[in-house]
Amino acid sequence: MRSTLFDKRFFQPTYNKGTLMKLGKLLAAGLAVLATAIGSAAHAEYPEKPIRLIIPYQAGGGTDILARVITENLRSRINQPIIIDTKPGGNTVIGAKALLAAPPDGYTLMLTTNQTFTTVPFIMKNAGYTPLESFTFINYVAYTPVVLVVHPSVKAQNLSEFIAQAKAEPNKLSYGSYGVQLSAELFQKMVGIRLNTIQYKGVEAVHALMGGHVDAMFDGVFTALPNIRAGKARALAMLQESRTQFAPEIPSAHELGVKVPSLQIWYGLVGPAGMDPKVVAKLEQEFRIAMQSAEVKEKLAKLSVESVGEGRVVLQKMVKDEYARYADIVKDLGVQPQ
C-alpha cells in the first residue's frame, strides 16, 4: 500500500473563499502598518552614524571656527559625532563639488558663505552647480558685517583719505581677497577707485594683511576685529548704514558720507539636492535650536557673529534675492567668468 505520509489529502486547506479574503486583507493591512513603522523608525533614528560637515575654507578660518561652536552644541543632542572636513580652494568650489558628489542622505552637509551662491556662479564658467537647483537648503545660520581694514603702514587714517589715495594712485593699493569678492568690486565702482586685487585661499588673506603683503581687506568683523583690537590692522569703516554692536567705535560708511550698499558675510547650511524632507526638517530644527540657545548666542557674540537659525525657506529666499541683485551688479561691472 502507498504511504499516506505525503498524501495530498492531508495538505488540503479547510478555509473557504470568504475566510481567505479576510486573511488576505488582514495580511495586507499588517504589512502596511509594518512598513510605516519601519519608515518612521528609520527617520526617528536619524542620525544613526557620524555626520560629515564640509567647510569650503581653510582650517582655523572664520567659517571653521563658527562650525566648531555650533557642532559642539549639536553633538549633545543628536548623540553622533560631527566631523569637520575643511576643503579650501577654488572660491569654495572644491568643497561644493565634494558635497554634491555625496549621496543626499543627510550624512554629508556643507556650511558655507554667500560667496558660494552669489559670487562663484558669476566668476567661473564651470563651477559645476547652479545655486538654486544643486543644493538642498537647510538653515540660514548666522551673519557678520563687513569692515574695510588696512595694514598699519598705510598712510590713510580714515575712509576719505584712503579713497583719495586710491584715486591718486590707481592699482597701487592692494587688497587681499577670499577669492573673488564682488562686494569689494561694487565698493570700488561706487566710490570711483581701482585697487589691485590679490586672491588667496581663505584665511591666507588675513595672514597676508597682517604680514603687510597687501594694504587692505574687505573682511568680516568676525575675523577682522581681533586683529583690529590687537593693533595689527586699522579699521576705516563698517560697510553698512549704521555702526555694529560688536564694534561701536568703528564708524559706518554712511555716516562718513560714503553711500554704499550694506555688505554682510552670511553663513548657510546646505546638502546635496534631493534630500529626504523629513531629514531636512530634522536638521533644520536641530540647527534652529542650536542657534537660538543662549550658549551659542553668547559664544558667537564674542566672535562678532549674529546668530540667526532661520529655516530653509528663509535661506532659499536669501540666495534667490541676492543672486538676482548680483546678476545686475555683474552686468553693470562687466565682470567676465573665467
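**Figure 1. The loop that holds P47.** P47 is placed in the loop between helix 1 (17–45) and strand 1 (51–55). Helices (H or I, at least four residues) and strands (E, at least two) are DSSP runs, numbered from the N terminus. The peptide bond that joins Y46 and P47 is cis, with omega at about -5 degrees. The model is predicted, so local features need pLDDT of at least 70 and side-chain atom pairs count only at pLDDT 80 or more, while totals for chains, interfaces and linings use all residues. Residues are numbered from 1 along each chain as its sequence is written, and side-chain values use heavy atoms, with hydrogens and water left out.

**Figure 2. The chain as a whole.** The chain has 12 helices and 10 strands. Of its 338 residues, 50% are buried; buried means under 20% relative accessible area, exposed over 50%, and partly exposed in between (1.4 Å probe, protein chains only). The accessible surface of the chain is about 16600 Å², and carbon and sulfur atoms hold 56% of that surface. Accessible areas come from the Shrake-Rupley method with a 1.4 Å probe, and for residues only the protein chains shown count as cover. Among contacts in the chain with a separation of 6 or more, 76% are between residues 24 or more positions apart. A contact means heavy atoms within 4.5 Å.

Figure 3. N91 is not a glycine, yet its phi is positive, at about 55 degrees. The residue N91 sits in the loop between strand 2 (82–86) and helix 3 (93–100). With a relative accessibility of 16%, N91 counts as buried. S304, also not a glycine, has a positive phi of about 65 degrees. The loop that contains S304 runs between helix 11 (294–302) and strand 10 (306–311). S304 is buried, its relative accessible area being 4%.

**Figure 4. Nonpolar cores and the surroundings of L148.** A nonpolar core is a set of buried Ala, Val, Leu, Ile, Met, Phe, Trp, Tyr and Cys residues joined through side-chain atoms within 4.5 Å. The largest such core contains 66 residues, and L53, V141, L148, F162, F187 and F218 have the most contacts inside it. Apart from this core lies another, of 20 residues, which includes A205, L209, A224 and A247. Leaving aside neighbours within four places in sequence, L148 is in contact with L159, F162, F187, A216, M217, F218, R234, A235, L236, A237 and L239.

**Figure 5. Helix 10 and its N-terminal cap.** Helix 10 has 15 residues, which at 1.5 Å a residue should span 21 Å, and its end C-alpha atoms are 21 Å apart, in agreement. The expected span of a helix is 1.5 Å times one less than its number of residues. D276 caps the N-terminal end of helix 10, with a side-chain oxygen 2.8 Å from the backbone nitrogen of K278. The buried residues of this helix are V279, V280, L283, E284, E286, F287, A290 and M291.

Figure 6. E284 lies in helix 10 (residues 277–291) and is buried, with a relative accessible area of 10%. Apart from neighbours within four places in sequence, E284 is in contact with I138, N139, G311 and R312. A salt bridge is a side-chain nitrogen of Lys or Arg within 4 Å of a carboxyl oxygen of Asp or Glu. R288 forms a salt bridge with E284, and the closest N and O atoms are 3.4 Å apart. Both R288 and E284 belong to helix 10 and are 4 residues apart, about one turn of the helix. R288 counts as partly exposed, at 29% relative accessibility. E284 also forms a salt bridge with R312, where the closest N and O atoms are 2.0 Å apart. Because E284 lies in helix 10 and R312 in helix 12 (residues 312–333), this pair ties together parts that are 28 residues apart in sequence. R312 is partly exposed, with a relative accessible area of 33%.

**Figure 7. The salt-bridge network of R52, D85 and K87.** The count of salt bridges comes to 16. R52, D85 and K87 are linked in a network of salt bridges. Between D85 and K87, the closest N and O atoms of the salt bridge are 4.0 Å apart. K87 counts as partly exposed, at 25% relative accessibility.

Definitions and conventions: A polar contact is a pair of N or O atoms within 3.5 Å; within protein, one must be able to donate a hydrogen and the other to accept it, and residues adjacent in sequence count only if both atoms are side-chain atoms.
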